[in-house]
Structures are given as C-alpha cells and as structure tokens.
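Here's a quick briefing to read with the model open next to you. Have a look at the structure first, then work through the points below.

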Amino acid sequence: MSAQRSSPWRSRNPLIAFRHAIEGIGHTFRTQRNMRVHLFTVVAVLLAGLLLRLPRVEMAVLVFSAALVVIAEMINTAIEAVVDMITDHYHPAAKYAKDVAAGAVLISAVNAAVVGGIVFLSYFQSYLVKERMKSPPTVTVIVSALLLLLVIVLLGKILGQKGSLMKGGAISGHSAVAFFLAMTISIGARSWIVALLALVLATLVAQSRVEGKIHTLREVITGAVIAMALSVIVFTLPKVIAGLLP
C-alpha cells in the first residue's frame, strides 16, 4: 500500500489546526456581510435568553440553531471560494453549487428564526418571566454566559485584528475568562474574602499576559472590563428587571 500523501496546508499539530480554524472564522466574518449579521444576532439572542433565564433545553436549542446558521454560512463561503478558484467563467454547474449552498444558509436561517420565535413567545408570560428572573444563576446560565463571552471576545479580536487572531488581539481572552470566573465566584460565594481572592487570581492571569508580551495593558483591561460588565448584566440585571415587573 502506498503511503498517504500529506497536504502542504494540513498540519498534524492540533494547536496549529485550531489556529487555522479560528482564522477561517475571522476570514468569513471580515469578507461576508451575512456572517457579521449572523454573529451579532447570536450575541443578541444569547443575551436575551440569559436575561430571561430560559430553561436548559430551550437554551440548548437556541445555541444549536444559531450555530447551525453560522456553520451553513461558513460552508457556503468555502464552496464559493472553491468554485471561484476552479473557474472564472459562467458555468451552470458552478451556479447550481453556489445556489444550493446559499439555499442551505436560507433554510438554516429560517429554521433559527422559527425556533427563536417559538421559544421566546412560548415563555414570554409575565409571571413566568418574573419567577425565572428571581432565581439564582444556574449552571446553564453560567455556561451560556461563558459561551457568549467567548463569542464577544472573538468578535473583538476580529474587529481589532492586526495580524493573526491567535497572536494577541484587541481583547485578551485569558483575562476575560479569568475575570468572568472571578466575578461568578464572587457573586455566588457572597463573601468579600472569597471575592478578593478570586479577583487576585484573575489579576495574576492578566499580569502574566502582559509580562509575556502577548497582550498590552490596554487589551488586558479591555478583556477584564467586558467580562465584569457581562457578569453583572447576566447575574444581577434580571433580578432588577423582575423587581420592576408588575
């Protein structure tokens, strides 16, 4: 048997392959207007679901539907790039390939809209919303909020990109995650000693990014501010809104 030929673009290093995948997301976001609309919509939908404290199953369905749209858009972009690479002349087969890929994006987007409408309208009853907003954050809320934070960080890196997305960026992802976890621990523990220790650990993580010359002080602070703001919005704002509801 002949040895399997390796592609010059394929890396056997999982970390490098992960970096290529992130770069692919960034390229799609920068070049495709629909991708930008999809990602900003994902942020809005996830934030609304977190504020309304949607149950676990409904939140999972929203995340899956939103991810399906993004995946379809990326596949559509890849197909368009391959078709344009193969031929620069009109060909019916090339048109069909692009039309079918665009149709897949349309179906996934319509599906996501229908699912979102069903989920939000079914649970948008004042007494149910009020009771859910009063409840303390659950594991579902924390995990979903962390996912939303990662999406926001990725968008920030893409928008402020100067080179590779995996080399620094406009926002420090490590700092953002560290301060989000610190705020989550602080709010859940309700002890100033625990809160102080958690924030000290997060600060050490941020300091290591600056000392390693991976991020600037501004990028670290930006990540920390975004994380703390998101944690306050997700964990405390629903209780405030619940108190204002009749």
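Let's start with a charged pair: Asp84 and Lys98 form a salt bridge, with their closest N and O atoms 2.7 Å apart. Asp84 sits in helix α3 and Lys98 in helix α4 (residues 92-123), so this pair ties together parts that are 14 residues apart in sequence. Keep in mind that this is a predicted model.

**Salt bridges**

- The count of salt bridges comes to two.
- On the Asp84–Lys98 pair, Asp84 is partly exposed at 45% relative accessible area, and Lys98 is partly exposed too, at 27%.
- The other pairing is between Asp99 and Lys95, whose side chains meet at 2.6 Å, N to O.
- Asp99 and Lys95 are four residues apart in helix α4, so about one helical turn separates them.
- As background, an α-helix has 3.6 residues a turn, so residues three or four places apart point the same way.
- Asp99 comes out as partly exposed, with 38% relative accessibility, and Lys95 is partly exposed with 38% as well.
- The general idea behind such pairs is that side chains of opposite charge can pair when their charged atoms come close.

**The overall picture**

- The protein has 10 helices and zero strands.
- Going along the sequence, the pattern reads α-α-α-α-α-α-α-α-α-α.
- There are 246 residues in the protein, and 35% of them count as buried.
- Take the contacts with a separation of 6 or more: residues 24 or more positions apart account for 76% of them.
- The accessible surface of the protein is about 14,900 Å², and carbon and sulfur atoms make up 71% of that.

- Most residues other than glycine have a negative phi, which is the background for the next two cases.
- Arg53 is not a glycine, yet its phi is positive, at about 55°.
- You'll find Arg53 in the loop between α2 (33-51) and α3 (56-86).
- Is Arg53 buried or exposed? With 6% relative accessibility, Arg53 counts as buried, since the cut-off for that is under 20%.
- A polar atom of the Arg53 side chain lies 2.9 Å from the backbone oxygen of Leu50.
- Leaving aside residues up to four places away in sequence, Arg53 touches Arg132, Met133, Ser135, Pro137, Val141, Val234, Phe235 and Pro238.
- Lys213 also has a positive phi of about 55° and is not a glycine.
- Lys213 lies in the loop between α8 (192-211) and α9 (217-235), and that positive phi comes just after α8.
- Lys213 is exposed, with a relative accessible area of 77%, whereas Arg53 is buried at 6%.

**Helix α8 and its two sides**

- Which residues of α8 are buried? They are Ala195, Ala198, Ala202, Ala206 and Arg209.
- What covers the buried residues of α8? The cover includes α7 (173-189) and α9.

**Val153 and its surroundings**

- Val153 is in helix α6 (residues 139-159), and with 6% relative accessibility Val153 counts as buried.
- Val153 touches Ile171, Gly173 and Ala176, not counting residues up to four places away in sequence.
- How far apart are the C-alpha atoms of Val153 and Ile226? They are separated by 8.6 Å, although Val153 and Ile226 are 73 residues apart along the chain.

How values were computed. Residues are numbered from 1 along each chain as its sequence is written. This is a predicted model: local features need pLDDT of at least 70, side-chain atom pairs count only at pLDDT 80 or more; totals for chains, interfaces and linings use all residues. Side-chain values use heavy atoms; hydrogens and water are left out. Buried means under 20% relative accessible area, exposed over 50%, partly exposed in between (1.4 Å probe, protein chains only). A salt bridge is a side-chain nitrogen of Lys or Arg within 4 Å of a carboxyl oxygen of Asp or Glu. A polar contact is a pair of N or O atoms within 3.5 Å; within protein, one must be able to donate a hydrogen and the other to accept it, and residues adjacent in sequence count only if both atoms are side-chain atoms. Contact means heavy atoms within 4.5 Å. Accessible areas come from the Shrake-Rupley method with a 1.4 Å probe; for residues, only the protein chains shown count as cover.
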